[in-house]
Amino acid sequence: MIRFLLKRLMWMVITMWVVFTISFYLMWTVSPEGALLSERQLPAAIKRNLEQYYDLDKPLTTRYFKVMGNYLMLNPGPSMKLIDKSVFEILKEGLPISVSLGVLGLSFALLIGFGTGIVSALRRQSLIDVSFRMIATLGIAIPNFVLAGFAIIIFVFTLNWFPAGGWGRPIDLVLPSLCLAAPFAAYISRLTRTGMLEVLGQDYIRTAYAKGLMPTTVVLKHAFRGAILPVVSYLGPATAGILTGSLVLERIFFIPGLGSHFIEAVLQKDHPVSLAVVMVYTFVLFSMNTLVDLSYGLIDPRVKLDK
Amino acid sequence: MKWSLRGLFPYVIPLVFVVALFFAFRMGSLPPADFTFSNGTEIQSVDPAKSTGAPEGRIIDAIFEGLYRKLPDPTSPDDMVPLPGMAKSHDLSEDLKTYTFHMREGAKWTNGEPVTAYDWTFSWMRFLHPESGTQYAYQLWYIKNAKRYTTGDLKEGDRVEVELADRKDKAQMFPRGTMVSGIVKKIDTFEEGGKQSSGGHDEEEAIKYHVYTVDCVPEKDGEPDWDGPVKQRVFYTEGTPAKYLTKFPGAEAAMHVLLHFSEVGIKAPDEKTLIVELEAPTPYFLELASFYPMHPVNRTCVETFGYPDWTKPENIVTCGPYQIKERRIRDRIRLTKNPTYWNADEVSLETIDALAVQSDTTQLNMFMSGQMEWATVVPNSVLDQLRERDVDKKEDPERKEERDDLLIAPMLSTYFYRVNTKRPPLDDPRVRQALNLAINKQEIVDHVTRGGQIPAGSLVPPGITGYEGPVTQSYNPERARELLAEAGFGPGGKKMRPIQILYNTSEGHKSIAEVIQQQWKKNLHIDVQLRNVEWGVYLTTQREMDYDVCRAGWIGDYPDPNTFLDMFITDGENNETGWSNPEYDKLIEEARSEPDPEKRMKIMQDAEQLLVDQMPILPVYFYVSINMVRPYVKNFYPNLQDLHPLHILEIDEEQREKIREMEGLK
């Protein structure tokens, strides 16, 4: 296990370095002036002063090593657009918001997914099952930002239940996390249903019923535990997906998370910020995938990590 | 191990959920503000010297105050005029070149220090200093010698200030290192031709290194004693390669060698008087003195914390009607009333939230659902519906007197096409005229932009006091064909080569280019290709003049024709059309030194007439400002520069309750 982790760590370092190098060179070659780019041409002297201020007068390779050094010391330097703020401050403010949005979304996804999945499995082929499955298929097919548009029309303007945007008050959290949760809830629901169906046909369930246990106990305690194995292994990619998938939703619901910063940084050519967010996303994706592989080994003793 | 993960699973998830909720709720601690508006994108900075955009302007105008301040004219509130701010009055000399500002008594910074004329000598020195990287520095170049101070352009015999390289923290401009004053005796310049990278592009560019021999003078009472005994010292700026320094054994490193600031026309003889000496009469200097980048900063604060720490809400020292209480990136800036502001009694709103809403649609959603009182950007696609909404609203007898929510007003800004006058056949003014006459601009504003924009015949938007634009021609395809025939194209003549329109990727620019493409095809039988490129490529292509016709826009910095017209002087930074006309250059130069305002405007008009005759640009329309404002917000006046000072706004509580009830908002 230690060997597995060390190997993964090594790969993570290599992946992050490759991602860093490619992103750095891509960004700075495609738009070499970064956020200084402006429709208004500045007098040459002022432009030179600004370029000096941002190190743009140095060769790209010199800057590459300098920035890499800064990253190794976890100090990505100042933002080029929001010049009062350092990249670190921007990440520090944005990341907790995105993470809490993600976790709320994930919790909703689990709650809804498990609930509908179990009901579907118990009432197999009934009207409820069919409609749940249909909604689930829709949920997977519809991107969350389209869903958000419909949700705003219905819940904000027609029913007047929730605010149109913002973050912080309990009521602000509901719509964005539900929209973010929808596709994942749908997927979890289908996984749970399949898992439950498989388990419900097993001998030990029949035994449990035969012992005279309450049907709720049987379903929740015996069947459900066996049924969620596939869901647990889906949690890794789901977490990564949910954390990196809130980009557009954050913009629609006016949430100052990492996704909003990323989109704006890319549009404004604020390369230091885009680069840092790319690195954070890489890290999140990589560590989540590692966690999943790890959990396989923990859950299923047949999987040997070192092979 | 198996039991631990599976066993813990049901407990871990709720725990994480609770932690996430905790984090999420931590943000919601602020009570709602009295007034909420969307400020567009997140502001770059609250440091006046480092800011450029309109969102920055709204915040900086609220927390700082300049010598003068642009406010609605008490007699006709739709016009903005510079009214006394931190200066209570000013005198202008006979030759219109020297402004003497008299500072307001009793104005205070939030740290208790009085606001004095010295704050301006410091702030404007910082503003002009090359190390500040001020984008708007050229706005103060109207002041005597200010340009030379920024550019570090020195001659032998100049009085200079040398900042030695002994700062405590090299990255911080203030507090400065030891300052030495002197007179330049000799400048040795070394050029290093070679590979020099500028922003990733490798270009051949000579780097110049200077070594200065300076006769240094002693200081007397804090001022340099120019007649005192001199001591010769040699300085080089940091970064000069050692090989050039071997000839100068005693050379000392300096951060900067600049023109002595006492040579620049900004003087404070005492703390209540500020004297500004200009290069030439500048009738719009008061506009500049009230422009937000020129607002003062507090020296103590800047020197104590350094940049960027001094801009943090807990450190910043301001002097305007509001203070920054909280600043969350891409969320909001919470402003609270500054009780020590000299005019605090007149400030009505206690708290203001400036939201950084990036998406136009979200902005509209939040406005419509009552989460904000003022939306600064409105999506074009819904303008018609919003207009209808205002009309419907007025049918209710109770609401007949209400102001419209959607406020559209002409703006000091023009949408035009640049023409590459270096490329045949566009080098012929007749062809350019023909292209202009063949564009039906009315059709564009009626069917494409649809916001009530005004078709443009010339470059300078209407509405500038005292200025009347030149005679322009309107849509006339007949005349266009004649002109083209005169130039030798069309039936019987040569066939015109296809013309390419360059624009940056945007739905709006594309629709306009398509309409013009059709009109030129229909009216002149010219084939037009559309070339759509990404913003960065668009700017570079335009700069390198690798285009035929190219979309452009310009927002006036101050309400004077000069802000538009001086763009097209020969080799102007923003000319980018290759157009050059000695007579035009002469007129612009003449206007610069003309003391009589009426004559000056006449010269400007002549210049614009010349521009319209030669047509290096094809004007398309004048922009309008579009704001959505709840009618219960009082003192909000649409104006040419789209300036809406926050501290004069008031809310009519009674009307607010009534409207919210009628619209069913919680």
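Which domains does the domain assignment of chain B give? There is domain 1 (6–62 + 303–406 + 626–662), then domain 2 (69–299) and domain 3 (410–624), with bounds that come from an automatic or database domain assignment.

Before I go on, please keep in mind that this is a predicted model, in which local features need pLDDT of at least 70, side-chain atom pairs count only at pLDDT 80 or more, and totals for chains, interfaces and linings use all residues. Residues are numbered from 1 along each chain as its sequence is written, while chains are lettered from A and ligands numbered from 1 in the order in which they are written.

Taken over C-alpha atoms, the centres of domain 1 of chain B and domain 3 of chain B are 37 Å apart. Their contact, which counts two residues if their C-beta atoms, placed from the backbone, lie within 7 Å, takes seven residues from domain 1 of chain B and nine residues from domain 3 of chain B.

Let me turn to the two chains together. Chain A gives 60 residues to the contact and chain B gives 53 residues. On the side of chain A that touches chain B, the largest share, eight residues, comes from α4(A), where helices are DSSP runs (H or I, at least four residues) numbered from the N terminus. That side of chain A divides into 33 nonpolar, 13 polar and 14 charged residues; here Ala, Val, Leu, Ile, Met, Phe, Trp, Tyr, Cys and Pro count as nonpolar, Asp, Glu, Lys and Arg as charged, and the others, Gly among them, as polar.

Methods:
Helices (H or I, at least four residues) and strands (E, at least two) are DSSP runs, numbered from the N terminus.
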